[in-house]
Each structure stands twice: as structure tokens, then as C-alpha cells.
Amino acid sequence: MHHRATAASPSSPSRRTLLTVTAAAAAAAATGATTPARADADDRRLARLVSRMSLEEKVGQLFVMRVYGHSATAPDQADVDANLKEIGVRTAAELIARYHVGGVIYFSWAHNTRDPHQIADLSNGIQRAALDRSVPVPVLISTDQEHGIVARIGEPATLMPGAMALGAGGSRSDARRAARIAGAELAALGVRQNYAPVADVNVNPANPVIGVRSFGSDPRAVAGLVAAQVGGYRRAGVAATSKHFPGHGDTSVDSHYGLPTITHTREQWQALDAPPFRAAIAAGIDSIMTAHIVVPALDPAEDPATLSRPIVTGILREELGYDGVVVTDSLGMEGVRTKYGDDRVPVLALKAGCDQLLNPPKLSVAYEAVLAAVRSGELGEDRIDESILRILRLKARLGLFHQPYVTHAAVDRTVGSRSHLAAADRIAERTTTLLLNEGGLLPLDSTERPNLLVVGADVASPTGTTGPPTATLAAALTELGFTTTVLPTGTAPGGAKIDEAVAAAAGKDAVVVGTYNVSATSGQRTLVSRLAATGVPVVTVAIRNPYDIARLSGQRATLATYSWTDVELRAAARVIAGRARPEGRLPVPVQRADDPAQVLYPVGYGLTYR
């Protein structure tokens, strides 16, 4: 890969030093053949790099920080203002100069991810700022690109089905390929650490924070898909991150806003939560993210797992034998801030055994607190060095010391390529799940039932680049030969909107309703029953949780897509039209809404066409 003309030249002193320090590590990473002797030699080189760092530079390496702006040096004024207010710097380059951060996390809301060339330029600008320091160390750039309902980089990048959709597909090869494609596109953009795959086993239908971000409720199935995705990301040269250790799947509290308690016994944890993390470690996972949850059976002190030495060091490191990078979940989340102050949280996370401190609410407070803890002796400098060495090993394995820059040519070749988009469509088709098909209503024949009404919830796009869902479904059905009318009805339709939908259904051959997280009191229930009462056949499409069907009545057919991104909705349209057979199988059970002890549709359930 060629260097950008504006990149640091290999002949510059800082660049030459960097290459000298890590040439063997980069070669080992490129070949994948690291002998114990070579690993020791690489560690000695990296240790010499650490020895050149000041304490301030060492502490900075531990932090992964947000920063506003589309450019590392010339962001928009509003982003400069936001950076000054929240971080006390103007730009990403200033962030690196002042705090020596070892990582940067991209968010769409921080305006980091406008378009592929801009993202690549931002990544190069960040690396240029880091390699211009007296001790040049490349930055590990990360993001949450889980796909499905959590993604920070949108179209024209390829958007894959999310975890629960892949769980419905049940194909490890599809999961591996999805990760390999996702990883290749991230790497082309300069993003080399992805906070995925989710390793949580979603055994609680009421889980407000994981849900369809999980592969399912069966620990063995989840473990297989997690391992497959780890392999896919590794092949693409991206560090995968399994999360949220020790397991966030059985909670009814969102740790962004509170501190959940998991009541599993130690035995239940071993059987339900541990298998996917064991599988990730066996597959060579590069990093594991901790959860801001309390698990009394694993730590009677009831500290959040992120701050728990018995959990991070005792279980993850010593019991499971993991010696890779441990990254905290965001330190700005309420779950980790309820028990201790923002100045104590980063220190306690390091004492627990974490390596990377992600996105503290106030970087200056966290940074100074860690510095003070080392200077006072509360944290030994050798403990800090241990974490830095893990982080540098990961950067070396990813080849960042050898080639930190990306090119527009590689972006154009890789991001949103025709083959990647086609693969996403094929994978999505194998995930769509048919739960109900009374009288063989589906597939619809466009010659017999040409006129369709599409109504439902238009939820905001996870990336801001797809949807809205009703329009996406209607456009896909129109391409398949139907005449469609679109009427968005929202997530909480009132009487007037329902009346409008019922009137619009008159004379139609079928109604397609996109449902979203239907609750006991949701107007979506009334919408579906009122539409069904017209006698026009109703097809519901659960565009997020598959549990919607337990609260709906009157529809003739129900599909589950597990997300409302375009790739999954287009696949559902092809299934409705009979251009694809429904192949998905439920990866979670759907229980009766009024009696959760009764299972309406078990794991593995799914209809198909004859």
C-alpha cells in the first residue's frame, strides 16, 4: 500500500525510529508466525519503546477518547467549541499532543464518520499527529460497528445484518464472512479495533440494552457465532472485541442509565454467560470489553465488573487464561459512576486489571487521577507498563507500526464494493424468519394481489443513512412488481392515525405493517387488529424484537427481521414476494406476553415455503 503524499515520510527520524523499534513485530504480524523466541524479542523492542516514554505519555496510552470533528486539524467551528467545552482542546491533533492518548473512538454524532474518504483522511490525520511526537506511537482507532441496530459508519459502507439476525441464520460461515467484510471496510478506513461481536447471551426478553445485539439465548450457538466473527475480523486485520464481560444478557436495566445487578449463581454464570467468552478466547480474541454490572456471585463486594479485581483479574485473566487487552465500557455511562466518583473510576479499573480506559466523561479528571495514583504509589508504574505493553503488542500485531496510514484507492476498492453489497443481501436472505403464515398467505403474488398498503413505525436509522423503514419496504416491493401506498403510523399510533390507516386499506389487496417493540399498551396492537378487522389480509414485520408477535392479533402472517436497516428490510420484501424462501429460525424463544412460562415459539422455530 502506498503512503499518502501528506503522510510522514519513512525517512524522517521519528518514522525511522518507529520502524527500527518494531520491524520484527510487524514482520511477525504480517506472517502470523510468531515463535516464542521472536515474541520475546518483540516484547523487548516494545519494552524499550515504553522505557522512552514519560509518565504522562504512558498514562495517555491507556485512554481511548472521543473527539468531535471530521478532520484532525481543521474541524468545523461547532466541533471546535464542543471539544473545548468537553475536553479542553480544539482538535484531535491537540488531544494527542496534550494527553498522548493511545486510542480514539469514532462516533457519528461527533461528526467523525461523514463519508469514506473523510474517515480515511481523519484517521491519517490522527496517525500523523501521533507519529509527530518525540516518542512516536500509532493510535488504535476504534468504533462500535456491530451492524444491525448499532453502527457508527453508514452507507455507502456495507451494512450487514445484526447479531440476532445472524443467529437466526445460524450459519457460522455467514457470520465469519460478515465479519471479514465488515473488518476489511473498517481497516480501509483506518479503524483497526471494532467493539464487536457481542458475546452476551440474551436470556431476558425485557433486556433494554442488549436484545437483538445478541446472537441469541443458546450459549453454545452464541459461542459458535462469536468465535466465527472473531476469526473473520482477525483475517481482515481488525481487532475484534467481545463484550460485555462477564455477561450482560440477563438484565432489565440499561447500564447507560443505571447499575444493573445480575442474579445468576456461579454455576449459572458458568453455563449461560461464560461459554461465548471462552470461545472468543480460544479463537484468539484481541480485546474484551467489561460490563458495568454487578454480579454478587462473582464479587460479593458488589463492585461493577469493570472495577472488580475478582472478576477482571481473578476470573477473566486467571481462570479463563486471557492475557490480551481488556477495555472498559464507556466510563461516561451511569452504571460505572453510581458508586465511585469520576476521579476514582479509572484508577479502580486499572487496579481491577483493565488496560484501556474508554471515553471518560472528563478526560482531564481521569488523566490527572491516574497520574496522581502512580505518583502516590497507589498504582505501581510496573502495573501501568504491563497494560501499555499489551496495548503495544496489539498495535504491532495489527501492523500499525509498519503501516499506520490508509489510502483513498484502498477505500474505493473496498468500502461498499459490489461484491460486499451482494454478500450482505445473500446473508440477510438467510436470516429472515417466518413465524406465522395462515392459509399460506405468503408469498404474495404481484399479479393476484398487486395493490399493497405499507404502514408502520419509522424508527430513526442507526447510522442516519438508511430508511425510513416504511419507505424502504415499499420501494423494495415496488421493484418486485407491486403497487404500493405508504403511510407511516409511528411507534405509538393514536386513534386518528389508526383511522387514517384503516381508510387507506380500503380496496387494497394486503397490508404490510412494520412493528417495533410492541408493549402491552402500545397503539400498534390496536392498529394491527383494526386493520385485520377490515378483512384485508395483514402481514406484520417485526423490525426489531421478534417478541412482537406475542402481543398482536388478527394478522395472517408475521416475519421477523431483527433490525430495520435496509439490507434486512429488502430481504423481508423478497421473502414476502416469494423471490427468496424464509430460512431463518428463532434464536430466542417467544413467550406468551401474559404468561412468560409458556413458550409460543421455541428456539429453532421458523416456517418456510413449500
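## A loop residue to start from

Arg551 sits in the loop that links strand S13 (538-542) to strand S14 (557-560). Helices (H or I, at least four residues) and strands (E, at least two) are DSSP runs, numbered from the N terminus. Arg551 is partly exposed, at a relative accessible area of 26%. Here buried means under 20% relative accessible area, exposed means over 50%, and partly exposed lies in between (1.4 Å probe, protein chains only).

Which residues does Arg551 contact, leaving aside neighbours within four places in sequence? They are Val518, Ser519, Ala520, Arg525 and Ala593. Contact means heavy atoms within 4.5 Å. Val502 is 49 residues from Arg551 along the chain, and their C-alpha atoms are separated by 20 Å.

## The model and its confidence

This is a predicted model, in which local features need pLDDT of at least 70, side-chain atom pairs count only at pLDDT 80 or more, and totals for chains, interfaces and linings use all residues. Residues are numbered from 1 along each chain as its sequence is written, and side-chain values use heavy atoms, with hydrogens and water left out.

The average pLDDT of the protein is 93. That score is the predictor's confidence in each residue, from 0 to 100. At least 70 is reached by 94% of the residues. Residues 1-33 stay under 50. For that stretch the model has 60 contacts beyond four places in sequence.

## Overall build

The protein has 21 helices and 16 strands. Its C-alpha atoms fill a box of roughly 75 × 55 × 45 Å, taken along the principal axes. The radius of gyration is 25 Å, which agrees with the value near 25 Å for a compact globule of 610 residues. That radius is taken over C-alpha atoms, and the globule rule is 2.2 Å times the number of residues to the power 0.38.

Of the 610 residues, 61% are buried. Among contacts with a separation of 6 or more, 75% join residues 24 or more positions apart.

## An eight-stranded sheet

Eight strands form an open sheet with parallel pairing. Their order is S7-S6-S5-S4-S3-S2-S1-S8. S7 and strand S8 (357-358) stand at the edges with a single partner strand each, so one side of each has no neighbour in the sheet. Two strands pair if DSSP finds at least two bridges between them.

Strand S4 (residues 193-194) and S5 pair in the parallel sense over two bridges. Gln193 has Ala239 as its bridge partner in S5. Strand S5 (residues 239-245) pairs with S6, also in the parallel sense, over four bridges. Lys243 stands opposite Met289 in S6. From S5 the chain crosses through helix H10 (residues 266-282) to S6, in a right-handed β-α-β crossover. Right-handed means that, with the strands pointing away from the viewer, the path from the first strand over the helix to the second runs clockwise.

## Around strand S6

Is strand S6 (residues 287-290) covered on one face or both? Both faces are covered. Ser287 and Met289 are buried on one side, and Ile288 and Thr290 are buried on the other.

S6 also pairs with strand S7 (residues 325-327), in the parallel sense, over three bridges. Val325 in S7 is the bridge partner of Ser287. The chain crosses from S6 through helix H11 (residues 309-319) to S7, and this β-α-β crossover is right-handed.

In soluble globular proteins, nonpolar side chains tend to be buried together. The largest nonpolar core here has 121 residues. A nonpolar core is a set of buried Ala, Val, Leu, Ile, Met, Phe, Trp, Tyr and Cys residues joined through side-chain atoms within 4.5 Å. Leu95, Ile126 and Val370 have the most contacts inside the largest core. Beyond four places in sequence, the contacts of Ile126 include Ala72, Ala92, Val104 and Val139. A second, separate core has 47 residues, among them Leu435, Ile543, Ala560 and Ala572.

Ala92 belongs to helix H5 (residues 92-99). Ala92 is buried, with a relative accessible area of 2%. Besides Ile126, Ala92 contacts Val67 and Ala72, leaving aside neighbours within four places in sequence. Ser71 lies 21 residues from Ala92 along the chain, with 7.7 Å between their C-alpha atoms.

## A buried loop residue

Thr565 lies in the loop between S14 and helix H21 (566-576). Thr565 counts as buried, at 3% relative accessibility. Not counting residues up to four places away in sequence, Thr565 touches Gly148, Pro462 and Thr466.
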